[in-house]
Amino acid sequence: MPVEYELDIPQSLDEALNALASDNGSSVTPLAGGTNLIIDIRSRRERPARVVGLDYVSELRAIDCTSERVTIGSRTTVTDLLDSAEIAKAAPSLVDAARVFAGHMVRNAATVGGNIACGSPAADLVPPLMSLDAEVTLSSKSGSRTVALADYFTGYKQDVRNADELITQVAWDRLPEHSVNTFRKLGRRKGDAITVTGVALTVVVEDGVCQRARIALGSVGPTVFRARQAEALLEGKVLSNELFDAAARKAASESSPIDDVRASAEYRLHTIETLTRRLLTQAWARLA
Ligand SMILES: Cc1cc2nc3c(=O)[nH]c(=O)nc-3n(C[C@H](O)[C@H](O)[C@H](O)COP(=O)(O)OP(=O)(O)OC[C@H]3O[C@@H](n4cnc5c(N)ncnc54)[C@H](O)[C@@H]3O)c2cc1C
């Protein structure tokens with residue numbers, strides 16, 4: 001490694017939180033799967049003084065589904081998500097995202113907590129989790145608090161986590177029966193590609209009326225975010241193709257993409273509108 005750092009390998013969550021409590025965490029960096037952090041250290045983008053490896057904090061690697069709620073420990077890997085029959089039932093959008101996430105080797109190491117914590121607008125598990133109204137639990141030696149994932153990011157790679165806190169879990173209430181939850185990622189290739197645009201959708205319908213709409217967008221702003229104005233167009237309405245057109249246009253107008261090596265801002269806006277309309281139309285067909 002080009003950068004020298006001290007490495008702590010705690011054997012329990014308590015030990016990990018104790019390690020993070022030193023210097024109020026300011027000089028301590030958590031390490032989960034390492035699929036971002038190790039690369040950043042190798043390229044000297046990150047120069048941590050002290051690293052706390054979470055490999056042996058087994059409490060954090062768990063999927064717990066009750067009839068009411070789904071809870072995923074932050075050390076749960078992308079492969080763990082794909083291997084879980086419970087997640088397949090409770091969070092189809094998360095499975096859609098896990099299936100197109102990197103390649104097998106990265107999926108075996110990459111974690112849910114690391115994906116949230118890296119703060120990338122292209123983080124593929126975040127739009128699905130946001131579309132499920134997931135909440136993030138942050139724990140430190142002095143206690144735990146819960147933050148809605150939709151309020152977690154404050155700017156590009158910035159969030160509400162204090163330096164002495166770990167993301168310990170992410171959880172949400174199960175969706176009701178008459179609902180659709182789905183995610184589409186557009187990339188330059190079918191596999192191992194960074195997202196050009198990503199759309200996650202949840203629609204809950206009762207007696208033909210949309211009770212809840214969640215549209216979470218990736219790679220078209222400084223953070224993953226919910227297209228709240230587009231959602232508001234759908235909620236409380238009897239769904240129709242005209243509404244889908246309006247909501248898709250609104251989702252694009254709420255986006256602020258950039259031009260980069262993968263796509264132009266114009267193309268991203270076009271594909272946000274197209275993907276949003278397509279997902280809404282498909283969801284409606286399934287609900288009908
Ligand atoms: C070849 C390749 C392909 C990739 N493809 C994709 C892809 O398709 N989609 C995608 O979204 N990402 C992709 N990534 C990025 C990366 O794999 C993911 O973001 C992954 O989920 C990061 O998780 P990790 O456990 O490896 O995090 P780490 O690298 O261990 O950590 C990342 C950051 O999160 C912090 N952190 C980790 N865990 C916690 C925690 N519990 N609490 C607080 N902070 C924490 C670390 O300090 C660090 O800052 C790819 C990476 C590579 C190398």
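Lys157 is partly exposed, with 13 other C-beta atoms within 10 Å. On the scale used here, a residue is buried if 20 or more other C-beta atoms lie within 10 Å of its own, exposed if 12 or fewer, and partly exposed in between, with C-beta atoms placed from the backbone. This is a predicted model, in which local features need pLDDT of at least 70 and side-chain atom pairs count only at pLDDT 80 or more, while totals for chains, interfaces and linings use all residues. Residues are numbered from 1 along each chain as its sequence is written.

Lys157 sits in the loop between β8 and β9 (158–159). Helices (H or I, at least four residues) and strands (E, at least two) are DSSP runs, numbered from the N terminus. The phi angle of Lys157 is near 55°, a positive value in a residue other than glycine. Asp133 also has a positive phi, near 60°, and is not glycine. Asp133 belongs to the loop between α8 and β6.

| Residue | C-beta atoms within 10 Å | Class |
|---|---|---|
| Leu31 | 20 | buried |
| Leu132 | 26 | buried |
| Asp133 | 18 | partly exposed |
| Lys157 | 13 | partly exposed |

Leu132 is located in the loop between α8 and β6 (135–140). Leu132 counts as buried because 26 other C-beta atoms lie within 10 Å. Leaving aside neighbours within four places in sequence, Leu132 is in contact with Ala91, Trp172, Asn181 and Thr202. Contact here means that the C-beta atoms of two residues, placed from the backbone, lie within 7 Å. From Leu132 to Arg184 the separation is 52 residues in sequence and 15 Å in space, C-alpha to C-alpha.

**Chain and domains**

The protein chain has eleven helices and 14 strands. Its C-alpha trace spans about 60 × 45 × 30 Å along the principal axes. For 288 residues, a compact globule would have a radius of gyration near 19 Å, and the protein chain, with 19 Å, agrees. That radius is taken over C-alpha atoms, and the globule rule is 2.2 Å times the number of residues to the power 0.38. Buried residues account for 47% of the 288 residues. Of the contacts between residues at least 6 apart in sequence, 63% join residues at least 24 apart.

The domain assignment gives domain 1 (6–53), domain 2 (59–173) and domain 3 (179–287). Such bounds come from an automatic or database domain assignment. The centres of domain 2 and domain 3, taken over C-alpha atoms, are 20 Å apart. Their contact takes 23 residues from domain 2 and 23 residues from domain 3. On the domain 2 side, α5 (92–99), α8 (126–131) and β8 (153–155) each supply at least two residues. The most come from α8, with five residues. The residues of this side divide into 16 nonpolar, four polar and three charged. In that division, Ala, Val, Leu, Ile, Met, Phe, Trp, Tyr, Cys and Pro count as nonpolar, Asp, Glu, Lys and Arg as charged, and the others, Gly among them, as polar.

Within α5, the buried residues are Ser93, Leu94, Asp96, Ala97 and Ala98. They pack against α3 (78–83), α4 (85–90), α6, α8, β11 (179–186) and β12 (197–206).

**Nonpolar core**

The largest nonpolar core has 80 residues, and those with the most contacts inside it are Leu129, Ile215, Leu217 and Ala251. A core of this kind is a set of buried Ala, Val, Leu, Ile, Met, Phe, Trp, Tyr and Cys residues joined through C-beta atoms within 7 Å. Helix α11 (residues 265–287) provides the largest share of this core, six residues. Not counting residues up to four places away in sequence, Ala251 touches Ile215, Leu217, Ala227, Ala230, Ile272, Glu273 and Thr276.

**Ligand surroundings**

The ligand is surrounded by 27 residues, of which the closest are Ala32, Gly33, Gly114, Asn115 and Ala117. The elements giving two or more residues to this shell are β2 (28–31), α2 (37–42), α6 (104–109), α7 (112–117) and β10 (166–173). A residue is near a molecule if its C-beta atom, placed from the backbone, lies within 6 Å of it. The largest share of the shell, four residues, comes from α7. By type, the shell divides into 15 nonpolar, ten polar and two charged residues. Domain 1 and domain 2 each contribute at least three residues to the shell.

Leu31 lies in strand β2. Leu31 and Glu59 are 28 residues apart in sequence and 15 Å apart in space, C-alpha to C-alpha.
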